[in-house]
Amino acid sequence: MFPRCNVGIFVKTQCGTSSHYQNELSLVKLFDCNRDISGHLHSLRLPTGQNQTKCDTQTEGQLISRRAGVFDYNRNLSICPKHRYDLGIYWRPRTTCQFPGHVGKGKPVRTVTSPMSYGIWCTQTQLVHAGSGICRKCIDVFKEVVPDITVYQTGLNSITDSNDSEKEEAAEERSFNFTSDSSDNFYNLRQRTNVSYHNELDE
Ligand SMILES: [Zn+2]
Ligand SMILES: [Zn+2]
């Protein structure tokens with residue numbers, strides 16, 4: 001049996017390999033998930049591009065984390081190939097409206113963005129994956145339960161900011177002599193880039 005990955009604990013489904021990348025047989029960390037997601041986001045009509053405040057999701061690892069319901073991105077979570085691709089670039093939306101409590105035959109007319117997904121999670125305690133469809137009626141309900149989407153937009157961006165690798169590298173250069181506790185944690189995170197995942201599996 002395939003070793004259980006950290007993300008699998010959240011999504012509660014079996015770990016395994018992916019038919020899309022059959023040569024990938026080991027767990028990796030979310031920060032190592034850096035495949036290009038722009039085509040995937042584009043196909044779902046989610047905003048793409050370099051602008052962090054406008055782009056729905058910056059990295060493959062963040063996308064997977066949010067779809068696992070881990071909005072507070074922890075880049076050190078391990079992930080198996082099955083969960084990586086099922087929740088990431090090979091995730092496909094259902095054809096029906098996925099908003100909690102949807103009734104009727106209304107077809108999706110819009111895409112649930114990451115901030116919307118986060119807002120639904122915080123107010124309805126239900127996970128609706130970014131990229132899912134939502135019908136016109138449910139958009140109205142959504143606007144009632146999440147009257148100010150910018151709260152969740154800002155919330156997600158601040159989580160993302162603190163983990164963004166480019167900013168981290170830039171900050172690392174700027175704060176070379178920085179010696180606070182937070183800075184120590186910061187460097188511990190960076191050092192973990194080269195850990196061997198196989199050691200952790202053996203434990
Ligand atoms: Zn897994
Ligand atoms: Zn609906």
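Modeller: From the N terminus on, the elements of the protein chain go α-β-α-α-β-α-β-α-β-α-α-α-α-α. That is ten helices and four strands. Keep in mind that this is a predicted model.

Biologist: How much of the protein chain is buried?

Modeller: Buried residues account for 33% of its 203 residues.

Biologist: And the largest nonpolar core, how many residues has it, and which have the most contacts inside it?

Modeller: It has 29 residues, and Ile64, Ile79 and Ile134 have the most contacts inside it. Helix 3 (60-67), helix 5 (114-124), strand 4 (133-135) and helix 6 (136-145) are the elements that each supply two or more residues to this core.

Biologist: Take isoleucine 134. What is it in contact with, leaving aside neighbours within four places in sequence?

Modeller: Isoleucine 134 contacts Cys97, Gln98, Phe99, Pro108, Arg110, Val112, Ile139 and Phe142.

Biologist: Back to helix 3. Why is it largely enclosed by the rest of the structure?

Modeller: Because eight of its eight residues are buried, where buried means 20 or more other C-beta atoms within 10 Å of a residue's own.

Biologist: Which ones are they?

Modeller: Glu60, Gly61, Gln62, Leu63, Ile64, Ser65, Arg66 and Arg67 are buried in helix 3. Ile64 is also one of the residues with the most contacts inside the largest nonpolar core.

Biologist: Last one, on contacts. Of those between residues at least 6 apart in sequence, what share joins residues at least 24 apart?

Modeller: In the protein chain, 72% of them do.

Terms used:
Residues numbered from 1 in each chain as written. Chains lettered and ligands numbered in written order. Predicted model: local features only at pLDDT ≥ 70, side-chain atom pairs only at ≥ 80, totals over all residues. Core = buried A, V, L, I, M, F, W, Y, C linked by C-beta atoms within 7 Å. Buried ≥ 20, exposed ≤ 12 C-beta atoms within 10 Å, placed from the backbone. Contact = placed C-beta atoms within 7 Å.
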